[in-house]
Amino acid sequence: MTPKILIDDDVLALLKSNAEPFVDTPNTVLRRLLGLPETNGHVPGAELVGEAEEALNVATTKQSGQRRRRRRRPTTKRAQPGTILADEEYEIPLLATLDAHGGRAPTSEVLDELAQRLAHRLMPADHEPLDSGDIRWRNRAQFVRLRLIQRGDMVSGSPRGIWEISDQGRDRLVAE
């Protein structure tokens, strides 16, 4: 049998304010506040039970929109302007790649060919890995694609994993 302890409203409020929704138990909050090392998993007999635990779980779930989220510290620094290829420099090569593939192609094929088209222009920082595991220039190409869709140069309703040039994008290529 797990022991029950009684706590007053002030202590419960403090626990609630320090709990991370869907992560913490009353025990993990107390361990953190007391400076004790974290434990993995359930520690029998070492947690609040009954009404206090239920109140904490309900309250932290309700507060999830108001809670300050812990941010993972980035290990990759932001690239300084001028140390990476400008987004605009991706646009025409990306559209030309799609046009060369008949107007549509899988993402991986587009990015592989785009790498060849941009090889002489990409800078050392463009080849750095990001925290997500992706390579910086490949990640930037994905964002350029989104902007091209917003401008109408690429099709927004393409199947998942397929990039497609629009008629407006073809006209832009011809005008370049």
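A residue is taken as buried when its relative accessible area is under 20%, as exposed when over 50%, and as partly exposed in between (1.4 Å probe, protein chains only). By this criterion, buried residues account for 32% of the 176 residues in the protein. The structure is a predicted model, in which local features need pLDDT of at least 70 and side-chain atom pairs count only at pLDDT 80 or more, whereas totals for chains, interfaces and linings use all residues. Residues are numbered from 1 along each chain as its sequence is written, and side-chain values use heavy atoms, with hydrogens and water left out.

Seven helices and two strands are present, defined as DSSP runs (helices H or I, at least four residues; strands E, at least two) numbered from the N terminus, and their order from that terminus is α-α-α-α-β-α-α-β-α.

Helix α4 (residues 88–100) packs with helix α5 (residues 107–118) at an angle of about 125°, their axes lying 9 Å apart; axes are lines fitted to C-alpha atoms, for helices over the stretch in contact, and angles run from 0 to 180 degrees between N-to-C directions. The two helices α4 and α5 are therefore oblique to each other, since angles under 35 degrees count as roughly parallel, over 145 as roughly antiparallel, 65 to 115 as roughly perpendicular and the rest as oblique.
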